[in-house]
Every structure is written in structure tokens, then in C-alpha cells.
Amino acid sequence: MGRVKIGMDISMKGQETIVEKLERERVLSRSDYITLLQNRDEALAKELSGRAVNLREQYYGKDVYIRGLIEFTNYCKNDCFYCGIRASNSKVRRYRLSSEEILACCKRGYALGFRTFVLQGGEDPYFGEDEISRLVEAIKREHPDCAVTLSVGEHPRAVYRRWFEAGADRYLLRHETADDAHYRMLHPVSCSPENRKRCLWDLKEIGYQVGCGFMVGSPRQTEEYLAEDLLFLHKLQPEMVGIGPFIPQYDTPFGGEPAGSIGLTLFLLGIIRIMLPDVLLPATTALNTLDSRGMEKGMLAGANVCMPNLTPDRVRGQYALYEGKDGVKGGDAGGRGAVWESEARIAGGDAEECTPVPGGEVRAESVRKESAATGQREALGALRRRMEAIGYRVVTDRGDCKRKKTDPI
Ligand code: SAM
């Protein structure tokens, strides 16, 4: 089908396709979004990704920005029906990283070329206003040339402001779904769509670079709901958008639901790039979990960011949001290929497997650190090669959004 013509409203323009209209106006009506989604086929996907990649290259060239993801706690007070670390999942072994461990992750990441660190976690009351402020300040003190991104859920505006003043640059908070009824299907009554959106508007107003987003193929999602999501993106004008396929986690109420589609995720990446040409758009871990070439496919659909995992091996498997989460087996989520490759090279290098010797604990700790560093270096090397193979290059850069700052709303 490919060239989907659109309604009467632009008939004067003759042969304009819906994708051309999207590129010209940066937004479509609700019904045009639905038409676009309903007519998804190979030709249309190609038209979309071609335009998306052109725009991505206009703003960001061939550069791929990397973010060092540190999943520092899997405690969570919320009970989202889709999430593996939800409060009532008693099968999860819970962990928290100490400040020293978090700073060590940053130090290792810095040496590898990371200039953004993302602190992500469940909503863990243990990490309150003061603890997060102290962490942000410590990271900024040690790495003043780096950006710090927080992704720790919903908080009062004053708390967000305090963290911003402590030095946090960016905040990721997926809106999950812009439709209130759909939001309530995915969350218990203690979570409200109004509060989620309030947080995003507060973060924007405070001055963060803000990221929202949603899962593709979340249970009960429809094309109408996706159209709402796209309209919400246009309204919020976020600097970052995180989307990835929903993947079931068996110990959650949605454990028996089907996973989201790779094709639809890529299609939506293209739409989002065209709507927000300067947006920071990751090819997510979930995408790379469902498809071993997910990172490449995401880039070739319009993405320009990836988020390798710097979480220590010791706890990585416990941040199990969904089944088979890529990167949980060691090394670094430079991608599944990268992870397996690095594992093979560091075989036997895990400290837990060392034979005890006098002074062994200290030795084991240093072996553990060394092998983590080696694994992450090799995995990042593999990611670089994967990107080079498709004509892109991983860069050492904070990777800020190239949008000009507008006055606060
Ligand atoms: N607590 C923070 C928050 O609420 O934003 C950050 C952590 S939360 C686990 C990060 C994201 O993981 C969520 O926004 C959600 O979209 C995604 N996620 C959770 N469960 C998932 C699943 N089963 N499949 C795919 N993505 C999932």
C-alpha cells in the first residue's frame, strides 16, 4: 500500500501522503494517526523509516549516544500489573546498591567513555529526597562533565526541584499510556494517570530534559490508545521518548499476555522521529531482548541512543522487569551478541567461582571488579562494531538534546 493518501482537508495538495503530512505538520489528527497505524505494511514502514533516518542524521549525524544505565534498587512500593519488580512479586530477590557501588559503576563507565549516567530504580522509599540529592551531588562532583539522568518514579514537585538543584539534568518517566481508562487497566488504584502526567509537566517546568514513553503492545492497547499517546507526545514536546515492546514477566498478573510487536515498535520509532526530529530516542533493551538485531533495527528506524547496562553482575539478574531481559547474564547490555561474546571471554572470571585462598576475599573482590571492567569494555567494543557495521559510530559525549531551550512554560 505504501502511499496512503489522506483526507479532504489537504486535497488541495493533491498527492500528499500521510507520512508527508506528518513531516510537514509534525502532528496528525487522532483519526489520521489511526489510519496510519491501521495501514502499516512494509512499504509504508519503509517510507517512514527513510524519512525518519534522514531527519535523525540532519540533527545528530551518524552519532550514537550511549547512556550508562545503573539499576540501583529493585525495591518498589508500586504494584504495576506488568512489572516484574512490582511490590507483591515475592519471588524477586531484592537489592540496593550502596553509594560506593553506584560511584564505582560511574567510575568504570567514565573510563569506558560514558558521559551520561542514568540512575534507575523502583520507587524505593529508602532512597528519599536526601539520599538521591547526595548521590547526584557526588556523581557531579566526581564527573562534572557528565549528565545525570534520574528515573525513580513519581514525586512531589519540590523534590524534583531539589534534585534538579543538586545537579540532575534529565528525568525519565514513561507516561505508560496517555489514555486514562487504559492506564487504570495497567495499574492498581493507588496509581493515577493524573499524577503521572502532573509529574511530567512539573519536570518540564523545572527545566529538566524530560523523557516520557510507553510500552508497545501492552495488554488491552488499541490503535486508538496509541493515537492518544502520539497526541500526548506532541503536547508535551519531551526531549526524550522511551518506547519498547511489552514483554510478559510470568510472576505478574500479565504473565500470560503476548509480547508486543517488533514491527510496530519500529514503526512507532519512525513516527516519533518525524514528529520530534531532534528528540533523543533510544533503541531500548526490551527491543534488543525480543530481537537480537533490535539495536540495529532501532537505529535504522530513527533511534539515536542506546543504554548499555553498568549495573554490577552480582545483582543484574534481579532487575528482572520481564522474561529474558537482555544483558542480565553479565558483561553489559551492549546487546545480546555483545553480552554473549564478553561472557565467553571472561569465562571463569566471576569472583564467586574462585577457590578460597588466604586473603581471598580481597582478591576475589578485585577479580570481580577486574572481570566486570573487562566484560563491559569488550561488550562496549562489540556494540561499537555493531553500530559501525550499519554506518553509525558510538561517541563519547553527554549527548544532550539539540533543541534550543525555550522559555519556561
Ligand atoms: N520506577 C520508575 C518509573 O516508574 O518510571 C522506573 C523504573 S520502571 C521499572 C521502568 C520502565 O520499565 C517502566 O516505565 C515500564 O514502561 C518498563 N517496564 C516494566 N515492565 C515491563 C515489561 N513487562 N515489559 C516491558 N517494559 C516494562
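Reader: Hi! Which hand does the crossing of α5 and α6 have?
Author: Hello! In this predicted model, α5 and α6 cross in a right-handed way.

Reader: Nice. Where do those two helices sit in the chain, and at what angle do the axes cross?
Author: Helix α5 covers residues 129–142 and helix α6 covers residues 157–166. Their axes come within 8 Å and cross at roughly 20°.

Reader: So would you call α5 roughly parallel or roughly antiparallel to α6?
Author: Roughly parallel, because the crossing angle is under the 35 degrees used as the limit for that label.

Reader: Which residues make the contact?
Author: From α5 there are Glu 129, Ile 132, Ser 133, Val 136 and Glu 137. On the α6 side, Val 159, Arg 162, Trp 163 and Ala 166 take part.

Reader: And how does the contact of α5 with α6 split by class?
Author: Five residues are nonpolar, one is polar and three are charged.

Reader: Zooming out, what is the secondary structure of the whole protein?
Author: The protein has 15 helices and nine strands.

Reader: How much of the protein counts as buried?
Author: Of its 409 residues, 47% are buried.

Reader: Last one: among contacts between residues at least 6 apart in sequence, what share joins residues at least 24 apart?
Author: That share is 75%.

Conventions. Residues numbered from 1 in each chain as written. Predicted model: local features only at pLDDT ≥ 70, side-chain atom pairs only at ≥ 80, totals over all residues. Axes fitted to C-alpha atoms, helices over the stretch in contact; angles between N-to-C directions. Helix = DSSP H or I, 4+ residues; strand = E, 2+ residues; numbered from the N terminus. Parallel < 35°, antiparallel > 145°, perpendicular 65-115°, else oblique. Left-handed = near helix turned anticlockwise from the far one by under 90°. Contact = placed C-beta atoms within 7 Å. Nonpolar A, V, L, I, M, F, W, Y, C, P; charged D, E, K, R; others polar. Buried ≥ 20, exposed ≤ 12 C-beta atoms within 10 Å, placed from the backbone.
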